[in-house]
Amino acid sequence: MKLIVGLGNPGVKYNKTRHNCGFEAIDILANKLGVEINQNKFKSLIAITKVNGEQVMLMKPQTYMNLSGEAVLQAVNFYKINVEDIIILHDDLDLPIGNIRIRMSGSAGGQKGMKNIIDLLHTQDIARIRIGIDKNPNIPVVDYVLGKLDKDKQDLYENAFNKSADAAYAFISKPIMKVMNEFN
């Protein structure tokens, strides 16, 4: 089973915020796969489908960003998912808006949802798709990541969400190195 996790915060208050880029991208992937992420399980909204014979779970943790690892750990333990079959989609302050970067391992880079996943799975060897949101030195980080997506940069965000969804789809059937070579 492949586990594809989009990070974000639950609730209408957080819709279309920078911190919910993972939710945005995974919703696009769900649409491409013809599924709705609406089953409540593992402290998350999930959908399970098959792609070319491979079982795939799409997950949107409902634990709030900083506790995302709790949801991921529950699914990993229940289905005995190997860490190399997991990919996380999340926002990244260190990338320009519209850019994505795929990595097969590494630190959380300040992303607290990713840090919680790394801490609870006891490994940094977790693939991730980082979605650029840039940063603004005039706005405190917490206020910036919880701020709404810039309307004048909507095309850049949509491009990044679509490219992230395509990369996550490729991850279902291709090794992470091939996905990195194709999308980085």
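Visitor: What should I know before I start?

Guide: Because the model is predicted, local features need pLDDT of at least 70 and side-chain atom pairs count only at pLDDT 80 or more, while totals for chains, interfaces and linings use all residues. Residues are numbered from 1 along each chain as its sequence is written, and side-chain values use heavy atoms, with hydrogens and water left out.

Visitor: Which residues have the most contacts inside the largest nonpolar core?

Guide: In soluble globular proteins, nonpolar side chains tend to be buried together. A nonpolar core here is a set of buried Ala, Val, Leu, Ile, Met, Phe, Trp, Tyr and Cys residues joined through side-chain atoms within 4.5 Å; buried means under 20% relative accessible area, exposed over 50%, and partly exposed in between (1.4 Å probe, protein chains only). The largest core has 39 residues, and I4, L58 and I102 have the most contacts inside it. Helix α5 (residues 154-173) gives the most to this core, with nine residues. Helices are DSSP runs of H or I, at least four residues, and strands are runs of E, at least two, numbered from the N terminus. A second, separate core has 21 residues, including L7 and A108.

Visitor: How do I read the packing of α1 and α5?

Guide: Two packed helices are described by the angle between their axes and the distance between the axes. Axes are lines fitted to C-alpha atoms, for helices over the stretch in contact (heavy atoms within 4.5 Å), with angles from 0 to 180 degrees between N-to-C directions. The axes of α1 (residues 21-33) and α5 come within 8 Å and cross at roughly 60°. That makes α1 oblique to α5; angles under 35 degrees count as roughly parallel, over 145 as roughly antiparallel, 65 to 115 as roughly perpendicular and the rest as oblique.

Visitor: Is Y64 buried, partly exposed or exposed, and what is its phi?

Guide: Most residues other than glycine have a negative phi, and most peptide bonds are trans. Y64 has a positive phi, near 75°, and lies in the loop between β4 (54-61) and α2 (68-79). Y64 counts as partly exposed, at 43% relative accessibility. K80 also has a positive phi, of about 55°, but counts as exposed at 66%.
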